[in-house]
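Please examine the structure shown below before reading on.

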Amino acid sequence: MQHARAGRLISDLLVSNEAAAEIRVHGIGAFLLQHFRLMAEDSEQEQARLARLAARTGLIAACCTGLAMLITFGSLGWLLWTGVMALSVGGTAVIAIRTGSNALDNLVRQVNFMYEEALFVGDLDRISAEATERAIPAGGAPLPECIESVRFKNVTFTYPGDDQPALRGLDLTIPAGKIVALVGRNGCGKTTTSKLLAGLYLPDDGHVLLGGVSTAEADRHALFSRVALVSQDYYRWPFTARANITIGRPEAPITDDWLDDAVQYADAHPIIDDMPRGLDTLLARGYKGGHNLSGGQWQKLAIARARYRAGDILVVDEPTTSLDAESEQDVFNKIRDLAATGQTIVLITHRLHSVRHADLIYYLDDRQVTEYGSFADLMDPDVTPAGRFRASYDLQRRQFQPDTAQQLPPAPSADSPPPTPRS
Ligand SMILES: Nc1ncnc2c1ncn2[C@@H]1O[C@H](COP(=O)(O)OP(=O)(O)OP(=O)(O)O)[C@@H](O)[C@H]1O
Ligand SMILES: [Mg+2]
């Protein structure tokens with residue numbers, strides 16, 4: 001089954017639109033085909049083994065059946081021959097034996113069928129029990145009207161199947177109405193922290209408290225309604241541009257003012273104006289009239305969606321990775337404006353210059369907070385040796401410094417001749 005599924009996955013990849021460019025440019029087609037063949041051969045070998053086993057079992061069963069029939073009809077013939085049994089009784093016995101053996105045959109088939117189905121039912125049962133165990137419970141404690149802060153208290157979380165925790169004894173506080181930045185190296189647990197805050201996961205140990213109510217006890221649907229999320233892996237809905245934004249609040253009636261505000265906020269109006277049918281343009285290439293967007297344009301729609309949702313806590317995980325310099329600056333300015341209106345912002349980013357205006361910065365390392373404070377605290381030159389935040393910030397800053405620029409060819413002066421085009 002594993003190999004058959006892997007084969008199906010590879011054959012889907014071979015015809016997938018998203019993978020097509022890399023498959024062609026990197027010549028991955030032959031590599032995928034080779035793996036598909038390996039998977040198919042393994043699966044075929046296993047099927048052949050099972051077929052041989054079934055044939056052997058069938059042969060033994062047929063021999064036993066034949067032998068039983070021989071003994072039965074032999075005995076019947078002997079009884080008739082010796083006159084122990086009347087001919088009419090013998091005829092009835094033949095009919096009874098044939099009906100009985102058909103019924104027995106049917107019974108064996110049904111038992112076999114039941115056994116095979118029971119394996120699937122067993123799997124379904126196990127999966128249902130696991131789904132119930134992991135289901136987000138309905139009901140629970142209400143959240144306070146005004147959430148004064150979000151606190152992570154000694155939170156440990158391990159993804160199912162992983163042997164290492166993604167977060168280990170994490171402690172942090174996110175005060176309401178402030179911009180709190182989470183920074184740190186890849187894999188240090190920033191996205192996991194945001195998902196725990198949003199109630200998507202529950203901690204294995206410790207508590208995530210929203211206004212004093214633990215996410216494990218809170219009404220999780222009420223919790224979701226307080227959070228707007230621009231996740232790192234935001235989804236590109238194959239619907240219209242309008243639906244891609246308003247899906248942020250699917251239960252609320254669509255209001256044009258609100259929609260317009262979200263579009264303006266994300267600076268997405270030039271994109272919408274350029275689309276053949278404006279907000280009603282279908283963003284799914286596989287359908288008639290379907291249109292596609294660039295990575296940065298999709299990201300702006302995701303930001304508009306989060307704005308449309310208008311949760312008390314806005315979590316933005318790498319919101320500007322695909323944006324041009326101007327749009328990036330614009331997004332950060334708008335995030336700052338939002339905090340001025342009292343919204344709580346959790347900003348996750350690797351662009352350290354953009355956290356200068358955060359009220360509080362947490363630096364995560366080795367799955368826990370190792371440094372925190374304001375930008376000025378973390379950049380304090382009197383603190384030696386420099387912390388990880390300051391070292392990372394300086395590393396990024398040096399990329400823009402003159403000594404790097406000096407290695408570049410000099411900019412042309414007004415009297416220098418025009419550059420010669422290269423062939
Ligand atoms: N869905 C998942 N299943 C299993 N392990 C996961 C999953 N998502 C993340 N992890 C693991 O948890 C750890 C923390 O991941 P996380 O995504 O929180 O890091 P991050 O700080 O957001 O990294 P990045 O800066 O690259 O986005 C990593 O070691 C990662 O391998
Ligand atoms: Mg991440």
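This is a predicted model: local features need pLDDT of at least 70, side-chain atom pairs count only at pLDDT 80 or more; totals for chains, interfaces and linings use all residues.

A residue counts as buried when its relative accessible area is under 20%, as exposed when that area is over 50%, and as partly exposed in between.

The wider arrangement of the chain comes next. The protein chain is divided into domain 1 (2-134) and domain 2 (149-398). Taken over C-alpha atoms, the centres of domain 1 and domain 2 are separated by 52 Å.

About 410 Å³ of space is found in the second largest pocket. Its lining consists of 14 residues, of which Asn-17, Glu-18, Leu-283, Arg-285 and Asn-292 are the closest to the centre. By class, the lining of the second largest pocket holds six nonpolar, five polar and three charged residues.

Asn-17 deserves a separate look. Asn-17 is placed in helix α2 (residues 17-25). Its relative accessibility is 59%, so Asn-17 counts as exposed. Although Asn-17 and Arg-285 are 268 residues apart along the chain, their C-alpha atoms are separated by 9.6 Å.

The largest pocket contains about 550 Å³ of space. Among the 21 residues that line the largest pocket, those closest to its centre are Leu-229, Ile-247, Gly-248, Arg-305 and Arg-309. At least two lining residues of the largest pocket come from β6, and at least two from α10. The lining of the largest pocket divides into 15 nonpolar, two polar and four charged residues.

The largest cavity holds about 70 Å³ of space. Its lining is made up of Val-230, Tyr-265, Ile-303, Ala-306, Arg-307, Leu-314, Val-316, Pro-319, Val-331, Lys-334 and Ile-335. Two or more of the residues that line the largest cavity are given by each of α10 (295-309), β7 (313-317) and α11 (325-340). Nonpolar residues account for nine members of the lining of the largest cavity and charged residues for two, while no polar residue takes part.

The last topic is the pairing of charged side chains. Side chains of opposite charge can pair when their charged atoms come close. How many salt bridges does the structure hold? The structure holds twelve salt bridges, and three of them are described here, one by one.

Asp-123 forms a salt bridge with Arg-126, and the closest N and O atoms of this pair are 3.6 Å apart. Both residues lie in helix α4 (residues 87-134), where Asp-123 and Arg-126 are three residues apart, about one turn of the helix. Asp-123 has a relative accessible area of 38%, so this residue is partly exposed. Arg-126, with a relative accessibility of 48%, also counts as partly exposed.

A salt bridge also joins the side chains of Arg-226 and Asp-312, at 3.2 Å from N to O. This pair links distant parts of the chain: Arg-226 is in helix α6 (residues 220-226) and Asp-312 is in the loop between α10 and β7, 86 residues apart. Is Arg-226 buried or exposed? Its relative accessibility is 13%, and Arg-226 therefore counts as buried. Asp-312, by contrast, is partly exposed, with a relative accessible area of 34%.

Finally, the side chains of Arg-388 and Asp-365 meet in a salt bridge, again described by an N to O distance, here 3.2 Å. Arg-388 belongs to helix α13 (residues 388-398) and Asp-365 to strand β9 (residues 360-365), so that the pair, 23 residues apart, links distant parts of the chain. Arg-388 has a relative accessibility of 33% and counts as partly exposed.

Technical notes:
Residues are numbered from 1 along each chain as its sequence is written. Chains are lettered from A and ligands numbered from 1 in the order in which they are written. Side-chain values use heavy atoms; hydrogens and water are left out. On a 1 Å grid over the protein atoms alone, a cavity is a set of points where a 1.4 Å probe fits but cannot get out, and a pocket is an open set with protein on both sides within 12 Å along at least five of seven lines; lining residues have an atom within 4 Å of a point. Grid points are joined across faces, edges and corners, and a volume is the space filled by probe spheres set on the points. Helices (H or I, at least four residues) and strands (E, at least two) are DSSP runs, numbered from the N terminus. Ala, Val, Leu, Ile, Met, Phe, Trp, Tyr, Cys and Pro count as nonpolar, Asp, Glu, Lys and Arg as charged, and the others, Gly among them, as polar. A salt bridge is a side-chain nitrogen of Lys or Arg within 4 Å of a carboxyl oxygen of Asp or Glu. Buried means under 20% relative accessible area, exposed over 50%, partly exposed in between (1.4 Å probe, protein chains only). Domain bounds come from an automatic or database domain assignment.
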